[in-house]
Amino acid sequence: MFKTALIGAACVLAPLSVAAQVTLTAETSSPGGGAHYVSTTFAAALDSAGVANLQMTEGATLTNSVQAVAEGRLDVTTAPLILPFLLSRGIGPYSGVGKEQGAELAAEIRALYFHAAAHQTFGYYDSKPVADIRKLDGLRIWNGPPRGAALTSGRAMIQLLGGIKDGEGYEGVQTPWPDAVSTITGGAVEAWSIPSALPGGREIQFSAAGAITLFDVPSDLLNSELGQQIVKAPGHAPFSVPVDVYRAAYEGNDVTIVTDDDTFDTYSTAFAEIVRASMDEDLVFDIVTAMLDAQSRFEEGAPMGPYLNLTFGDIDGVSQGACGAVKIKMHPGAIRAYEAKGHTVADCLRP
């Protein structure tokens, strides 16, 4: 479907079709995760439908991508929902933007559809196990890239499990996404907390270098006051899968799954595919219609497909990690596309 050309550290995917009506610029995360799979499958679906060519840059820093869409310098990106939230307040990675300009930029963002591309896990190599995941003091733990939503989620997991903060009770190690696998497989850390698809491409790469064990969040911690604050925090949503299903997803790989009950429970990273509010409504209608028509392609194109919680039906907002602290709105063309298929869209998502 794509010809691939390396440009610096990024990879640009150019669809082969010349029949598409428009060409749009797009960015996504590095290969191996759910967000990348959703974005590239989306691009393939639009190309096959003759709706649009997405010139997709991989390995992007999504913090920058979200701001680029808001400013009109980029057409489409996948976005952890915490990023529009932080932008709207001019805080975190957007502190340099400021509150007033951040609010103005965030108001320009519209969602096409939602998905939960990743859920948070904790893991280590069996050759050097952590004796107790509730006692993580003094360890070197990979907890995310240098900044952004994944780092926030990774730090939250360690604080929830061990009651300690990065730089105080443990040494957090951060690397850019392209270096995450080599950092972990190379033995530079003693454990990791990482957002994972099901099955996770990075976890499979980890296990190729030696047996690993992955943990969910113990029930008492997940149901604690802090646990529920994290689950409901901007950019998060609940995640729960029967543990037998979870183990089956890793069958054939040297991966042990540990839970304290019959489900794998944690929190997921809530995502949306976003565009600028000014994008043509009819174009967005055609784009989202093509996405909805490609449901089987998304769900059958990779083992992780059925577990990404892509919105192919009614959208209540809360289940997608919106309509709470995150105030993102859907594009009118996207709402039209869902309603044309007989689906409902919550009022809180309407501009």
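Two bridges join strand S7 to strand S9 (residues 191-196), and the two strands run parallel. Strands (E, at least two residues) and helices (H or I, at least four) are DSSP runs, numbered from the N terminus. Strands count as paired if DSSP finds at least two bridges between them. The model is predicted: local features need pLDDT of at least 70, side-chain atom pairs count only at pLDDT 80 or more, and totals for chains, interfaces and linings use all residues. Residues are numbered from 1 along each chain as its sequence is written, and side-chain values use heavy atoms, with hydrogens and water left out.

Confidence is given as pLDDT, the predictor's score for each residue, from 0 to 100. The mean pLDDT of the protein is 91, and 94% of the residues reach 70 or more. Over residues 1-20, however, the pLDDT is below 50. Beyond near neighbours in sequence, this stretch has 46 contacts in the model, a contact being heavy atoms within 4.5 Å. Where pLDDT is low, the predicted coordinates should not be read in detail.

Strand S7 spans residues 140-144. Four of its five residues are buried. Buried means under 20% relative accessible area, exposed over 50%, and partly exposed in between (1.4 Å probe, protein chains only). S7 also pairs with strand S8 (residues 171-174), in the parallel sense and over four bridges. Ile141 takes part on both sides: Gly172 stands opposite in S8, and Ala191 is the bridge partner in S9. S7, helix H5 (residues 149-162) and S8 make a right-handed β-α-β unit. Right-handed here means that, with the strands pointing away from the viewer, the path from the first strand over the helix to the second runs clockwise.

Aromatic rings were examined next. A pair of aromatic rings is described by the distance of the centres and the angle of the planes. Rings of Phe, Tyr and Trp (its six-membered ring) pair if their centres lie within 6.5 Å; planes under 30 degrees apart count as stacked, over 60 as edge-to-face and the rest as tilted. The count comes to nine aromatic pairs. Phe122 and Phe215 form a tilted pair, 6.4 Å centre to centre, with 55° between the planes. This pair links distant parts of the chain: Phe122 lies in strand S6 (residues 109-125) and Phe215 in strand S10 (residues 212-215), 93 residues apart. Phe122 is buried, because its relative accessible area is 0%. Phe215 is buried too, at 11%. Trp142 and Trp177 form another tilted pair, 5.5 Å centre to centre and with 50° between the planes. Trp142 sits in strand S7, and Trp177 in the loop between S8 and helix H6 (180-185), 35 residues away. Trp142 counts as buried at 0% relative accessibility, as does Trp177 at 19%. Ring pairs also link Phe122, Tyr124 and Phe215 into a cluster.

A search of the whole structure finds one disulfide, defined as a pair of cysteine sulfur atoms within 2.5 Å. Cys323 and Cys348 form this link, with their sulfur atoms 1.8 Å apart. The pair joins distant parts of the chain, 25 residues apart. Cys323 is in the loop between helix H12 (295-300) and strand S14 (329-330), and Cys348 in the segment after helix H13 (332-340). Cys323 is partly exposed, at 25%. Cys348 is partly exposed at 30%.

Ser207 lies in helix H7 (residues 201-208). At 8% relative accessibility, Ser207 is buried.
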